[in-house]
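User: I have a model open and want to go through it piece by piece. Can you take my questions as they come?

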Amino acid sequence: MNIQIFGKSKCFDTKKAERYFKERGIKYQYVDILSKGLSRGELDSVVRALGGKIDSVIDENSKDYAEIKYLLDDAKPDKLAENPKLYRTPIVRNGRQATTGYCPDIWKNWE
């Protein structure tokens, strides 16, 4: 298993995800999405794993959601690169599998 958690340090769900893997003794790599972001390749991989819809990685409750709401799907990756606060976190990857938000029911199948 090669777990990566892309999250925000002040995100409660990111902290819960980290705790989930720590409690099970599963090593993971934490990436601060606000400072590092996701590369275009990583974003494409996550979006594919989530069914091909870029909106699945966008936080509709973000204060900045109005910036991206009406953009065409082709323009959304550039806006996410500009403003990583728009990501729904945590984004948890395990190889070609990925989730957004707190999803322990899915993660237990990865063990």
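This is a predicted model: local features need pLDDT of at least 70, side-chain atom pairs count only at pLDDT 80 or more; totals for chains, interfaces and linings use all residues.

User: What span should α1 have at 1.5 Å a residue?

Analyst: Helix α1 covers residues 12-23, and its 12 residues should span 16 Å; the end C-alpha atoms are 16 Å apart, which agrees. The expected span is 1.5 Å times one less than the number of residues.

User: Which residues of α1 are buried?

Analyst: Thr14, Ala17, Glu18, Tyr20 and Phe21. Buried means under 20% relative accessible area, exposed over 50%, and partly exposed in between (1.4 Å probe, protein chains only). Down the axis of α1 the buried residues fall within an arc of 155°, so they line one face of the helix. That arc is taken over the directions from the helix axis to the C-beta atoms.

User: And which exposed residues sit on the face turned away?

Analyst: Phe12, Lys22 and Glu23.

User: What covers the buried side of α1?

Analyst: The cover includes strands β1 (3-7), β2 (28-32) and β3 (91-94), along with helix α4 (104-107). Proline 104 belongs to α4, and its C-alpha atom is 7.6 Å from that of tyrosine 20, 84 residues away along the chain. With 21% relative accessibility, proline 104 counts as partly exposed.

User: Switching to β1. Is glycine 7 buried or exposed?

Analyst: Glycine 7, in strand β1, is buried, at 0% relative accessibility. Setting aside residues up to four places away in sequence, glycine 7 touches Thr14, Tyr30, Val31, Asp32, Ile33, Leu34 and Thr89. Contact here means heavy atoms within 4.5 Å.

User: Thr89 is on that list. Where is threonine 89 found?

Analyst: In the loop between α3 and β3. Threonine 89 has a relative accessible area of 9%, so it is buried. Beyond its neighbours within four places in sequence, threonine 89 contacts Phe6, Gly7, Lys8, Cys11, Asp13, Thr14, Ile33 and Gly101.

User: What kind of peptide bond joins threonine 89 and proline 90?

Analyst: A cis one, with omega about 0°. Proline 90 lies in the loop between α3 and β3.

User: Pockets next. What lines the largest one?

Analyst: Lys8, Lys10, Cys11, Phe12, Asp13, Asp59, Tyr87, Arg88, Thr89 and Gly101 line the largest pocket. Its volume is about 180 Å³. On a 1 Å grid over the protein atoms alone, a pocket is an open set of points with protein on both sides within 12 Å along at least five of seven lines, a cavity is a set where a 1.4 Å probe fits but cannot get out, and lining residues have an atom within 4 Å of a point. Grid points are joined across faces, edges and corners, and a volume is the space filled by probe spheres set on the points.

User: How does that lining divide by class?

Analyst: The lining of the largest pocket has three nonpolar, two polar and five charged residues. Ala, Val, Leu, Ile, Met, Phe, Trp, Tyr, Cys and Pro count as nonpolar, Asp, Glu, Lys and Arg as charged, and the others, Gly among them, as polar.

User: How many cavities of 30 Å³ or more are there in the whole structure?

Analyst: One. The largest cavity holds about 40 Å³ of space, and its lining consists of Asp55, Ile58, Glu60, Tyr65, Ile68, Lys69 and Lys76. By class, that cavity lining has three nonpolar, no polar and four charged residues.

User: Last one, α2. What do its buried residues pack against?

Analyst: They pack against α3, β3 and β4 (97-100). The buried residues of α2 are Leu43, Ser45, Val46 and Val47. Arginine 40, also in α2, is partly exposed at 46% relative accessible area and touches Pro77 and Asp78, not counting residues up to four places away in sequence. Just after α2, glycine 51 has a positive phi of about 100°.

Key. Residues are numbered from 1 along each chain as its sequence is written. Side-chain values use heavy atoms; hydrogens and water are left out. Helices (H or I, at least four residues) and strands (E, at least two) are DSSP runs, numbered from the N terminus.
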